[in-house]
Every structure is written in structure tokens, then in C-alpha cells.
Amino acid sequence: MQDVFKILPEATEDQKVFIFDYGKKENGELKYKDDITSYEWNTKRFNKVEVGAFILSRIPGKNTKDRKFEIYGGGYVEKIETIDDKGNVVATISHAFTINPPIKQGEALIENFVWENKKKKEGTWEHFWNQYGMNTITFSDFKNLMKNVRCVPVGTPLNSFRDSDLLEEEIEELQNPSSKDFEIICKKNDAVDNKKDKQTVKIIKKIDWKKVQDSKDKIGALGEEIVFDILTQEAEKNNLKKPIHVSKEEGDGVGYDIRAWDKDDKELHIEVKASKEKYSDGFEITRNEIEASKNKDYPYIIYRVYNLDIKNKNCSIEIYSGPVTDETFKLESTKFIVYKK
């Protein structure tokens, strides 16, 4: 899950947080057609919002089809402008994000949430929300509510890794023999070893450019080359059995991309997911890969290559340990296959 604090500016000591309601209709049309980057209100009715506040965006149940409210996004109050002499103002919301999936009434996350500054009657939300549509919550409540959700910066495609093209100038830069090496920031997603280590990886001469050019997913192919070179260097340094680039030598159907071995000669199955986007979360995985991750005979490891910057020769890698299950990851269905009955 993408940490909301990697999207928002750094919080202040007395950080203010509000929940704004959207979805109000006037004459059958939405009053606020922009429900992401702006919000209007009257300061004579609510005058607590300040520049620098964090906000969450909510659709009240009366404005949803199933009559259940949703908290679906948020952002940062960049500025507040007066628009008339009656006290009406408009806030510009920056650092906007969506919550995917949204926090929805009836789900355990919100129904069991214990609020710090509000009291909720058991089994009902009656009289909990301010009828004017603007609610104050504590920063502590904001942190606790957001720690278990996935946030996506506005403008970032949910399946951004599908952007599989390399620009011609990027390919030329990588093929340049005088080009500098890649600098990798590698992080193990593990409670015991959660430190970041920098390592420089020379991949220029070892890349199979024909394979990359022929691949439908050029970013994915490049990510595999980077990870394969890392593992090859580790094997040479530690006198381990050399890794095998399975997806190139045996095809894509085995459920992983690289076969490697650890210091105890244990076979490891490595899957690589790559993206130019700067966020590690939200990558796609196939059913075949999920099933391969459950093979108890071979540890399954995902190398998530992201923030892949060809021009400046750097990227980040986050390493996840399998298996991929609902207990260890939050899985979402993004597409369906349709057959005639």
C-alpha cells in the first residue's frame, strides 16, 4: 500500500485535518463537479479550515446508490481564496490522492474504528457527521484510519506499469558505452531487515537489447535485466550457483522470471515487476504467478523495480517475500474474462 505521507507534505506539530463532503446536487446536477482539487464553503458557517490542513473527501450515503457513505480521497489545502463579500471562499487542494478501494460504510475498517474526538453510537452513524458537510478530526485519527488503505496520487494510473514503452532517446542512452552505471536503492520488505542499501549495478553491456526491443513490455524486460544482473553479481561475489533467466530461456509460462540459488544451495523463484512510476505499490500479478508463489518447495520472491529513471540512471527496488495470498497482500480484481453461456 502506498503510504499517504509519501504523497502529502510533511505534517506540522499541530497538523489540522478535515473531512469534506462532496456529491451535493443542485437542480439535479452536482454542485462541485471538481471533487478532487477544490472545495467551496461559507466561513460564517464553518471557519476552522486553514492553509496547510490535510483533508479527506467523503460522499455521504444520501448521494450514493446503495445509501452508504464512502471516503474516497484527500489532499492538502494549498490556498484559500475569498470569492465574495458574503463569506464564501474556495480552497485549492494539492497533493491530491484517491483511496483505492474507498473506505466504505459497513466495512470492518470504518465500523470498528475508534475515534479520538468523536463518539459513535454502536450500529449507527446517526448524528455523527456534521450536517453542513465539513468535519474536524484529529491528526491521530487520520494516521490510524489511513495506515491500512492504499492511496494513489491523482494522475497516476492504477496499473501504471502497463506503460511499457521506452523512448528512443532512453534506448540510445542505455546503449551508449560511455553511459554511467545504474544506482539502485534496494529495500527488503521485511520486519527484521527494513533498512535501505545503495548499490551500483553495471548493466549496460549485459542487456539483451534484441529481447528488450522485441518484448511487448519493454519496461518489464529492462527490469528483468537489472534484477538478473544484480543476482549474477551476487552469485559471482559469494561463489553461488549462477542464476538462470527463465523467462528468456524457457518462456513466460512458469510463473516467475529468474531462477536463483542462495548460500545453502536452495532454489529461489524470482518474479520481477517494473515501472517508471515512483510508487512501488499497485503492480499487477497473474493467476499463474500467484499459484507459482504458493509452491512450498521453492521460496518465491518479488523484485519490484520502480522509479525507473533512464536519463539519470537510477531506480528503486523493493523486495517482497511470497507466497502471494490475501493474508500477506491486499489483492484486487482488475479485469474479468467473459465467455458466452
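**Exercise 1. The ring cluster**

Task: In this predicted model, which residues do ring pairs link into a cluster with F18?

Solution. Start at F18 and follow the ring pairs. The cluster takes in F18, F20 and Y22. Y39, W41, F46 and Y72 belong to it as well. Now widen the search to the whole model. The count comes to 23 aromatic pairs.

**Exercise 2. F5 and F142**

Task: Classify the ring pair of F5 and F142, then state which parts of the chain the pair ties together.

Solution. 
1. Two numbers are needed. A pair of aromatic rings is described by the distance of the centres and the angle of the planes.
2. The centres of F5 and F142 are 5.9 Å apart. Pairing requires centres within 6.5 Å, so F5 and F142 form a pair.
3. F5 lies in the segment before β1 (17-21), and F142 sits in helix α2 (residues 139-146). The pair therefore ties together parts 137 residues apart in sequence.
4. Check accessibility. F5 has 32% relative accessibility and counts as partly exposed. F142 has 0% and counts as buried.

**Exercise 3. F283 and Y320**

Task: Is the pair of F283 and Y320 stacked, tilted or edge-to-face?

Solution. 
1. The ring centres of F283 and Y320 lie 6.0 Å apart.
2. Their planes stand at 50°. Stacked needs under 30 degrees and edge-to-face over 60, so the pair of F283 and Y320 is tilted.
3. F283 is in the loop between β13 (267-274) and α7 (287-293). Y320 is in strand β15 (residues 314-321). The pair links distant parts of the chain, 37 residues apart.
4. Buried means under 20% relative accessible area. F283 has 18%, so F283 is buried. Y320 has 10%, so Y320 is buried.

**Exercise 4. Charges over rings**

Task: Over which rings do R58 and K120 lie?

Solution. 
1. The charged end of R58 sits over the ring of W129, 4.2 Å from its centre.
2. K120 lies over the face of W125, at 4.7 Å from the ring centre.

**Exercise 5. The whole chain**

Task: How many helices and strands does the protein have, and what share of its residues counts as buried?

Solution. 
1. The secondary structure comes to seven helices and 15 strands.
2. Of the 341 residues, 45% count as buried.
3. Turn to contacts between residues at least 6 apart in sequence. Among these, 62% join residues at least 24 apart.

Technical notes. Residues are numbered from 1 along each chain as its sequence is written. This is a predicted model: local features need pLDDT of at least 70, side-chain atom pairs count only at pLDDT 80 or more; totals for chains, interfaces and linings use all residues. Side-chain values use heavy atoms; hydrogens and water are left out. Helices (H or I, at least four residues) and strands (E, at least two) are DSSP runs, numbered from the N terminus. Buried means under 20% relative accessible area, exposed over 50%, partly exposed in between (1.4 Å probe, protein chains only). A charge sits over a ring if NZ of Lys or CZ of Arg is within 6 Å of the ring centre and within 35 degrees of the ring normal. Contact means heavy atoms within 4.5 Å.
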